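Student: I would like to work through this structure step by step, beginning with the whole chain and then turning to single elements and residues. Could you take my questions in that order?

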Amino acid sequence: MSPALPKRILVIQDTATTLLLRPILAAEGYESLETNSGDEAWEWLKSYPIDLAIVETSLGGFDGIELVRQIRAEKLGDGLPVLMLTFKTEITDKIAAFEVGVDDYLIKPFQPQELIYRIRLLVSRRQKAAASRTPRATRGRIVALFGTKGGVGRTTIGVNLAVAMQRRAHLKIAMFDADFFFGDMALHLNLSPTRTILDLAQRIDQLDQELVDRVMAQHSSGVRVLLSPRNPEDVEAIGPSDIERLLDFLTASYDYVIVDCQTSYDERTLMILEKADTILLVIKPEVGCVKNMAVFSELAVKLGLSFEKKIHIVLNRAGSKSGISPKEIERIFRRQIRFQVGSGGNA
């Protein structure tokens, strides 16, 4: 079993302070992301789960006060603790920091013991606040996207659906890249995968909100993303029961869990399809897609999946000049196409 995930601290300080902090934090088991750039700090805050930020008030064009203001305005990090570590000693500077949402203020030079004590206190407060949140009264819903063949635009539709729901309906949305061998959700969302579902599958008996939050990536829209394994050889370590337990956990925390399924019928995928509240069956107006739709329809009958209640056909590239018309597809399968996504090109 892999070791426990280290707590991650974002350090936005001058070079001298960063070099001083690095061994102090490492000795306490903290992983640090270090920068003196406001732009880079902002990208890390959007892309990585961060447990605490140590911020300087100003660094050659960087405004720490404004950064904290943005963090609070965008609600990044779900109550991210911020420790202002600075040379500024004036009371007006302290007040300005606290007014924008800084949690603690420590003046340089500092004693390492005091710094570590303050860090532990801030991280502990955040953990207790998360643990005390009122449980969700209702279970979230699972929306699974399945393509009758590769290249139908399944992931693109899923990503856009999740981001739109997050931004327009202000819901809590999670995405799960369940295309375990060829998933490219990270590429679609411009995320750098650091943790994946493998990190949770290896600790399936230790699931808690802190662990799940640390593994899931965060998109700039606010959508949280559970990424697929980076190495194909790791996929077999993930069983159907692991996925079922993860989905149960995610639906307790999110309004919707959007699952991008692989185009195969292995046990993992079948479990997701059976557990889903809604299945979006993505097709294109091509012979291969329509032929494979017949195979899916037969499987749906065997699994007791209803086209009337659960499965909704999504026709991508509708209006293409070539291919089978929507009316012909509906006539062949006697199924209504519930959603059509227009073609963005000339084909």
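Student: Among contacts in the protein between residues at least 6 apart in sequence, what percentage join residues at least 24 apart?

Tutor: Please keep in mind that this is a predicted model, in which the protein has 13 helices and 15 strands. The count here takes in contacts between residues at least 6 apart in sequence, and the share that joins residues at least 24 apart is 74%.

Student: What percentage of the residues count as buried?

Tutor: The C-alpha atoms fill a box of roughly 75 × 45 × 40 Å along the principal axes, and the protein exposes about 16900 Å², of which carbon and sulfur atoms supply 51%. A residue counts as buried when its relative accessible area is under 20%. Of the 347 residues, the share that counts as buried is 49%.

Student: How far apart do the centres of the positive and negative side chains lie?

Tutor: The protein has 44 positive and 44 negative side chains.

Student: Which strands stand at the edges of the open sheet of eight strands?

Tutor: The order in this sheet, whose pairing is mixed, is S10-S11-S9-S12-S8-S13-S14-S15. A strand at the edge has a single partner strand, so one side of it is left without a neighbour in the sheet. The strands in that position are S10 and S15, the latter spanning residues 337-342.

Student: Which residue in S11 stands opposite glutamine 218?

Tutor: Strand S11, which covers residues 224-226, pairs with S10 in the antiparallel sense over two bridges. Within S11, the residue that stands opposite glutamine 218 is arginine 224.

Student: How many of the six residues of strand S12 are buried?

Tutor: In the order of the sheet, S12 stands between S9 and S8, and it runs parallel to both, with six bridges joining it to S9 and five bridges joining it to S8, which covers residues 141-147. Strand S12, residues 256-261, is largely enclosed by the rest of the structure because most of it is buried, the number of buried residues being five.

Student: Which residue of S12 is the bridge partner of alanine 174?

Tutor: Two pairs can be named along S12, and in one of them leucine 145 stands opposite aspartate 260. In the other, the bridge partner of alanine 174 is valine 257.

Student: Is isoleucine 173 buried or exposed?

Tutor: Isoleucine 173 belongs to strand S9, residues 173-178. Leaving aside residues up to four places away in sequence, isoleucine 173 touches Ala162, Met165, Gln166, Val223, Arg224, Tyr254, Tyr256 and Ile258; its C-alpha lies 6.5 Å from that of alanine 162, which is eleven residues apart from it in sequence. With a relative accessible area of 1%, isoleucine 173 is buried.

Student: Which residue caps the N-terminal end of helix H2?

Tutor: Helix H2, residues 38-47, has as its buried residues Ala41, Trp42, Trp44, Leu45, Lys46 and Ser47, and these pack against strands S1, S2 and S10 and helix H3. At its N-terminal end, a side-chain oxygen lies 3.4 Å from the backbone nitrogen of aspartate 39, and the residue that supplies this cap is serine 37.

Student: Which helices do the buried residues of H11 pack against?

Tutor: The buried residues of helix H11, residues 267-275, are Arg268, Thr269, Leu270, Met271, Ile272 and Leu273. Among their packing partners are the strands S8, S9, S12 and S13, and the helices are H10 and H12.

Student: Which residues does serine 297 touch, not counting residues up to four places away in sequence?

Tutor: Serine 297 lies in helix H12, residues 287-303, and it is buried, with a relative accessible area of 11%. With residues up to four places away in sequence left out, serine 297 touches Phe307 and Phe333.

Methods: Residues numbered from 1 in each chain as written. Predicted model: local features only at pLDDT ≥ 70, side-chain atom pairs only at ≥ 80, totals over all residues. Heavy atoms only, no water. Helix = DSSP H or I, 4+ residues; strand = E, 2+ residues; numbered from the N terminus. Buried < 20%, exposed > 50% of the residue type's maximum accessible area, 1.4 Å probe, protein only. Contact = heavy atoms within 4.5 Å. Areas by Shrake-Rupley, 256 points an atom, 1.4 Å probe, with all protein chains shown as cover. Lys, Arg positive; Asp, Glu negative; His and termini not counted. Charge placed at Lys NZ, Arg CZ, Asp CG, Glu CD. Polar contact = N/O pair within 3.5 Å; in protein donor to acceptor, adjacent residues only side chain to side chain. Pairing = 2+ DSSP bridges.
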